[in-house]
Amino acid sequence: MSDPIPSERAATCAFYPGSFDPLTIGHMNIIARGLRVFDRVIVALAPNVNKQAMFTLAERKSLIEKCFADEPRITVTIFEGLMVEAALRHGATAVLRGLRGVADFEYEFQMSTMNTLLAPQIETVFMMTEKSHFFVSSKLVREVASLGGDVSPLVPPEVLVALHERAAKP
Ligand code: ADP
């Protein structure tokens with residue numbers, strides 16, 4: 001039997017989860033393009049147990065809010081527990097993820113398959129990175145910034161200020 005086709009289309013809302021430590025131009029590009037497809041985007045901060053965080057969750061949330069202060073269709077939240085449950089709680093109709101290349105694909109494929117098993121009613125939508133952003137990652141930004149390198153082309157001005165402040169008082 002074929003999958004049911006929804007008869008109506010409600011307002012669409014994408015849940016964009018990640019660690020955003022810190023927000024980069026790669027993330028911003030996915031969010032901006034997400035808004036061409038979805039009515040709203042929720043940037044959802046997940047505590048990431050595997051990574052040594054540079055900014056606290058509250059700092060990251062406030063930085064992202066500052067960067068998108070003029071865009072009412074973007075909200076920022078912090079969630080705990082299962083991502084798909086948080087997405088459904090927030091009324092999201094899809095999960096939004098970015099793909100930089102084959103290295104992201106393997107992990108994302110596993111995650112989206114598991115998430116479909118957990119919550120089949122929520123789709124994961126992937127967007128390919130903008131070609132000039134394929135090498136941009138929060139990890140690289142943290143590493144280069146902590147060694148005093150110039151990351152100004154890779155992050156929004158609000159994040160650059162926060163990185164400079166962090167470097168001044170480590
Ligand atoms: P994670 O901890 O899951 O890697 P990140 O904060 O690094 O979370 O990224 C969140 C999402 O943004 C992921 O889907 C990731 O693939 C995507 N992303 C990160 N950097 C880029 C980029 N430069 N271009 C496209 N997508 C990106």
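Guide: A salt bridge is taken here as a side-chain nitrogen of Lys or Arg within 4 Å of a carboxyl oxygen of Asp or Glu. The model is predicted, and a search of the whole structure finds eight such salt bridges. In one of them, the side chains of R142 and D21 meet with an N to O distance of 3.7 Å. Because R142 belongs to helix 5 (residues 138-146) and D21 to the loop between strand 1 and helix 1, this pair ties together parts that are 121 residues apart in sequence. Side chains of opposite charge can pair when their charged atoms come close.

Strand 1 (13-18), helix 1 (25-37), strand 4 (94-99) and helix 4 (102-118) each contribute at least two residues to the shell around the ligand. In total, 18 residues surround the ligand, the closest being Y16, S19, F20, G98 and T129. By class, the shell comprises five nonpolar, eight polar and five charged residues. The ligand itself sits in the largest pocket.

An N or O atom in the side chain of Y16 is 2.6 Å from an oxygen atom of the ligand, and a polar side-chain atom of S19 lies 2.7 Å from a ligand oxygen. For R100, a polar side-chain atom is placed 3.2 Å from a nitrogen atom of the ligand. Of the 540 Å² of accessible area that the ligand has on its own, the protein covers 91%.

Methods:
Residues are numbered from 1 along each chain as its sequence is written. This is a predicted model: local features need pLDDT of at least 70, side-chain atom pairs count only at pLDDT 80 or more; totals for chains, interfaces and linings use all residues. Side-chain values use heavy atoms; hydrogens and water are left out. A residue is near a molecule or strand if one of its heavy atoms lies within 4 Å of it. A polar contact is a pair of N or O atoms within 3.5 Å; within protein, one must be able to donate a hydrogen and the other to accept it, and residues adjacent in sequence count only if both atoms are side-chain atoms. Accessible areas come from the Shrake-Rupley method with a 1.4 Å probe; for residues, only the protein chains shown count as cover. On a 1 Å grid over the protein atoms alone, a cavity is a set of points where a 1.4 Å probe fits but cannot get out, and a pocket is an open set with protein on both sides within 12 Å along at least five of seven lines; lining residues have an atom within 4 Å of a point. A molecule sits in a cavity or pocket if more than half of its atoms lie within 2 Å of its grid points. Helices (H or I, at least four residues) and strands (E, at least two) are DSSP runs, numbered from the N terminus. Ala, Val, Leu, Ile, Met, Phe, Trp, Tyr, Cys and Pro count as nonpolar, Asp, Glu, Lys and Arg as charged, and the others, Gly among them, as polar.
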